[in-house]
Amino acid sequence: MVRVRVFDSRGELVGPVESPKVELSDDQWRQRLTPQQFEVLRSKGTERPFCGTLLDNKQQGVYTCAGCGLPLFSSDAKFNSGTGWPSFFQPIANENVATEHDDSHGMRRTEILCARCDGHLGHVFDDGPRPTGLRFCLNSESLNFTPSEQLASLADPILESVAAARQPAASGHNPKAGPSAAEEIAVFAGGCFWCTEAAFAQLAGVLDVESGYAGGTAETANYEDVCTGQTGHAEAIRIRYNPATISFAQLLDVFFDAHDPTQLNRQGNDVGTQYRSAILFADEPQRRAAEAKIAELAAARAFPRPIVTTLEPLAAFYPAEEYHQDYAEKNPNQPYVRYHSLPKACAVREKHPELMRGAASH
Ligand SMILES: [Zn+2]
């Protein structure tokens with residue numbers, strides 16, 4: 001099984017949902033694919049540059065795996081790299097595109113594959129444009145294109161089986177409990193991750209908070225490199241939460257109370273782009289919610305200075321080294337934690353008592 005995001009019958013990307021891997025014999029693949037598609041997807045071939053049918057496609061829409069139909073890239077992230085192959089700066093969902101080291105042809109490269117059928121797509125390089133700095137270099141033959149107005153036609157059959165599997169639970173003893181809501185993620189950067197992690201870990205509906213790095217590439221996603229301020233990463237946290245208990249908007253409220261969103265590329269004495277204030281949105285609804293919240297706070301003059309928080313599409317989140325995880329909880333007497341992290345968690349607790357774990361629900 002693999003966890004992926006798919007389109008539903010309204011043409012919206014949903015998930016992640018569990019989907020079985022698509023595993024076929026070479027003969028079965030040959031029946032399903034054209035010889036050119038087979039050469040790329042199953043034999044890891046590369047089409048000649050400037051020859052692919054999708055290179056110059058400028059229509060709005062979604063690119064799916066030609067092998068199994070999994071959505072892989074959106075036209076929103078397509079750019080002209082000049083290389084002769086269709087290029088994107090991020091996948092439509094991180095879950096859907098897998099990576100693997102590839103040392104073939106005397107080069108050190110990172111191969112990209114469809115997460116569901118392991119079809120070869122191309123390679124990813126770290127010389128892409130902002131905001132991710134990544135260049136996903138694709139073969140047209142590995143992709144099919146669906147225009148925006150036809151996204152409902154991509155509705156994945158796996159959703160019907162997911163819905164069917166949920167039926168018994170929904171009709172169980174608790175009539176109030178609807179179908180179990182999928183858990184969601186939010187990624188925020190608000191200065192030192194020891195502080196932000198502590199602020200969110202105490203909230204009801206938050207299943208897990210992980211410290212890590214976002215905004216840069218995998219090669220430099222480690223504490224030592226990120227501390228130089230040269231890698232493009234921000235210290236960030238990834239929150240797994242149950243949207244039935246706490247909403248993304250409520251998480252945003254806590255985010256803006258747990259740090260100072262008016263300081264550009266710093267939080268107090270922590271200075272550098274790695275300490276920038278950023279909301280790394282996972283999808284369009286999150287982006288819109290974040291914009292609305294910032295507009296609301298600005299209109300209410302909630303801060304004495306303008307909010308400088310950036311909105312960045314979430315390309316990848318790299319968990320930090322193990323010793324950074326739950327740092328404030330494990331090191332409550334460490335001076336930085338005592339004087340910076342815990343007071344922020346405490347301020348959130350005072351301002352939002354109703355959101356705390358164990359608070360009386362109503
Ligand atoms: Zn596939």
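Strand β3 (residues 61–65) pairs with β11 in the antiparallel sense over 5 bridges. Pairing here requires that DSSP finds at least two bridges between two strands. Strands (E, at least two residues) and helices (H or I, at least four) are DSSP runs, numbered from the N terminus. This is a predicted model: local features need pLDDT of at least 70, side-chain atom pairs count only at pLDDT 80 or more, and totals for chains, interfaces and linings use all residues. Residue numbers start from 1 along each chain as its sequence is written.

The open sheet has 3 strands in the order β4-β3-β11, with antiparallel pairing. Its edge strands are β4 (71–74) and β11 (143–147), and each pairs on one side only. From one strand to the next, the twist averages 30°. Angles run from 0 to 180 degrees between N-to-C directions, and axes are lines fitted to C-alpha atoms, for helices over the stretch in contact.

Now the helices. The axes of α4 (residues 193–201) and α9 (residues 335–351) come within 8 Å and cross at roughly 30°. Therefore α4 is roughly parallel to α9, a label for angles under 35 degrees. The crossing of α4 and α9 is right-handed: the near helix is turned clockwise from the far one by less than a right angle.

From α4, the contact draws on Trp194, Cys195, Ala198 and Ala199. From α9 come Val337, His340, Ser341, Leu342, Lys344, Ala345 and Val348. Contact means C-beta atoms, placed from the backbone, within 7 Å. By class, the contact of α4 with α9 has 8 nonpolar residues (Ala, Val, Leu, Ile, Met, Phe, Trp, Tyr, Cys and Pro count), 1 charged (Asp, Glu, Lys and Arg) and 2 polar (the others, Gly among them).

Note on methods: Parallel < 35°, antiparallel > 145°, perpendicular 65-115°, else oblique. Contact = placed C-beta atoms within 7 Å.
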